[in-house]
Amino acid sequence: MKGNLLKKVISCVLGATMVTSMFVTGFSFASAEVGYINLDRTDFKITVPSAYGSNPSTYMPDGNKSTIWETDWSQGSTQLPAEILVDMGEVKENVSRVIYTPRQTDVNGKIKDYKVYAGETTEDMQLVSEGSWDWGSTNTEIAAKIDDAYADFDIPVNARYIKILVESATTKPPDPNQTITCAELNIAVEGEVEPPVPDGKIPQNEMSVEYVVSQYGGSPAKKCLTETRAPGGNLTGAPVQLILNRAITLLLIWVK
Ligand SMILES: [Ca+2]
């Protein structure tokens with residue numbers, strides 16, 4: 001009886017600790033770090049050289065990778081270099097990256113050589129990034145590369161306007177027409193972000209069992225780190241302390 005009472009007292013103390021620890025895990029898991037934050041694109045206005053009828057420029061900020069903007073290939077080749085001008089609606093601070101999501105199927109018009117300019121007005125734009133995105137050389141290679149491409153600025157800038165000067169883009173031999181295409185265009189600012197936690201859970205391979213009051217041989221505490229997450233009935237009443245990496249302690253208690 002005394003043993004049960006003691007167990008309940010310990011459980012209550014640890015239970016209170018658990019509440020605190022769970023709070024820490026959920027809301028202060030790790031200190032914020034500097035990273036990229038994509039801007040809300042609701043007020044973006046994007047000016048382009050031309051647009052094919054069924055693939056307008058509004059498809060670049062629509063959040064759908066399967067919809068693309070493309071220049072009007074029905075009128076022949078797009079002359080390069082060509083400009084994409086983004087008006088973000090107001091001056092944004094610490095603008096530092098352009099994220100280009102290429103078309104997710106087919107080959108034509110993926111931006112290769114580029115320059116990015118930024119400014120608070122269209123008259124004061126400065127070169128902030130230049131480079132070349134590599135999509136491979138064959139039609140098969142180019143079609144297969146669908147990951148986002150980044151243009152990181154030399155330093156963060158305050159800007160309302162972002163101009164992407166497209167100097168070259170993929171073609172689809174033997175189709176001679178040059179186009180420019182884009183599935184999604186995002187612009188990011190630099191700021192404090194929380195480190196990502198996949199699926200909102202701490203990966204089990206980043207945890208280890210540090211301390212167990214008691215455990216049955218056939219159901220060791222480490223089983224609570226298996227995919228089933230089942231500690232087993234034999235762990236009933238055994239406080240289990242999991243030490244997570246990142247220097248955070250989480251207490252899990254099984255009490256019946
Ligand atoms: Ca889209």
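What follows is a walk through the confidence, strand pairing and nonpolar core of this predicted model.

Some ground rules come first. Residue numbers start from 1 along each chain, following the sequence as written. As the model is predicted, local features need pLDDT of at least 70 and side-chain atom pairs count only at pLDDT 80 or more, while totals for chains, interfaces and linings use all residues.

On confidence, the mean pLDDT of the chain (the predictor's confidence in each residue, from 0 to 100) comes out at 79, with 64% of residues at 70 or more. Residues 1–29 sit below 50, and this stretch has 19 contacts in the model beyond near neighbours in sequence; a contact here means two C-beta atoms, placed from the backbone, within 7 Å. Residues 227–249 also stay under 50, and for them the model has 59 contacts beyond four places in sequence.

Now to the strands, which are DSSP runs of E with at least two residues, numbered from the N terminus (helices are runs of H or I with at least four). Two strands count as paired if DSSP finds at least two bridges between them. Strand β4 (82–101) turns up in several pairings. With β7 it runs antiparallel over twelve bridges, and with β9 it is again antiparallel, over six bridges. Ile99 has a bridge partner in each of these: Tyr150 in β7 and Asn186 in β9. Strand β2 (residues 45–47) pairs with β4 too, antiparallel over three bridges, and there Thr47 stands opposite Leu85 of β4.

Another pairing involves β5 and β6 (residues 126–132), antiparallel and joined by six bridges. These two make a hairpin, with six residues between them. Within the pair, Lys115 has Glu130 of β6 as its bridge partner.

The largest nonpolar core holds 33 residues, and Val116, Ala118 and Ile162 touch the most other members. Such a core is a set of buried Ala, Val, Leu, Ile, Met, Phe, Trp, Tyr and Cys residues joined through C-beta atoms within 7 Å. Buried means 20 or more other C-beta atoms within 10 Å of a residue's own, against 12 or fewer for exposed and anything in between for partly exposed, with C-beta atoms placed from the backbone. Elements giving two or more residues to this core are β4, β5 (113–119), β7 (149–166) and β9 (184–193). The largest share, eight residues, comes from β7. Setting aside neighbours within four places in sequence, Ala118 is in contact with Val95, Met125, Gln126, Val128, Val157, Ala159, Tyr161 and Ile162.
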